[in-house]
Amino acid sequence: LDAKKTKTVFLRYNFQYTDLSHIFPGLEFLVPTADQRVRLSTVSGSWVHDTRDSVLDAHKGIYESVELGITPTAFGSSVNFGRFVGQISHYRNIGHGIIWANNLRIGLEQPFAGSRVPISEAFFTGGGSTLRGFPLNGAGPQQYSTVCGNPSDPTTCGPITVPTGGNQLVLVNTEFRIPVDFVKKGLGVVPF
């Protein structure tokens with residue numbers, strides 16, 4: 001959209017069909033029956049503003065994106081819902097090669113026409129790419145259940161937690177990327 005190529009608009013159509021036909025016996029409860037076969041036909045638009053100096057290892061600049069999508073049964077979906085996801089990341093060198101990186105993500109999903117949002121489209125957080133310090137998908141809502149390797153033998157049963165996801169997302173991250181080149185070139189410490 002601009003001469004510096006920092007602003008971009010994407011228009012997208014995506015069709016996805018999910019068919020979970022071989023769920024491990026005893027774990028069927030993890031995926032609602034209605035979500036085991038889902039068609040999603042989504043039209044979306046995105047706006048991106050990117051002034052980072054590097055896509056993989058930014059030291060300065062801003063990355064902003066906004067995406068709005070609609071998944072209606074009129075386009076062949078088995079559900080009706082809308083989705084908004086926005087994010088902003090800011091990178092700044094605060095001296096001595098220390099980079100202060102910040103990120104804010106907001107997501108909202110809303111079913112309409114008496115429909116629902118399938119679990120495959122729910123928001124999940126936790127893990128190295130969303131919220132460090134938590135196990136993968138372990139920071140959001142959880143369902144506690146008992147699972148048995150052999151249902152007829154209670155000694156093979158144990159408790160587990162299963163992430164259930166949600167229709168809203170607010171995620172704030174901040175970290176300091178501190179180089180420790182005196183040990184090895186390219187090595188650093190990252191408190192978050």
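1. Let's begin with Ala113, which sits in the loop between strand S5 (99-111) and strand S6 (142-148). Strands here are DSSP runs of E with at least two residues, numbered from the N terminus. Although Ala113 is not a glycine, its phi is positive, near 55 degrees. Ala113 is also exposed, with a relative accessible area of 67%; exposed means over 50% (1.4 Å probe, protein chains only).

2. A word on the source: this is a predicted model, where local features need pLDDT of at least 70, side-chain atom pairs count only at pLDDT 80 or more, and totals for chains, interfaces and linings use all residues. Residues are numbered from 1 along each chain as its sequence is written, and side-chain values use heavy atoms, leaving out hydrogens and water.

3. Where is Lys5? Look in the segment before strand S1 (7-19). Lys5 is not a glycine either, and has a positive phi of about 60 degrees. Its relative accessible area is 73%, so Lys5 is exposed.

4. Now for the sheet. Seven strands form an open sheet, in the order S1-S2-S3-S4-S5-S8-S9, with antiparallel pairing. At its edges are S1 and strand S9 (188-189), each pairing on one side only. Two strands count as paired if DSSP finds at least two bridges between them.

5. Have a look at one pair in detail: strand S3 (residues 61-71) and strand S4 (residues 81-93) are joined in the antiparallel sense over 11 bridges. Which residue in S4 is the bridge partner of Glu64? That is Ile88.

Definitions and conventions:
Helix = DSSP H or I, 4+ residues; strand = E, 2+ residues; numbered from the N terminus. Buried < 20%, exposed > 50% of the residue type's maximum accessible area, 1.4 Å probe, protein only.
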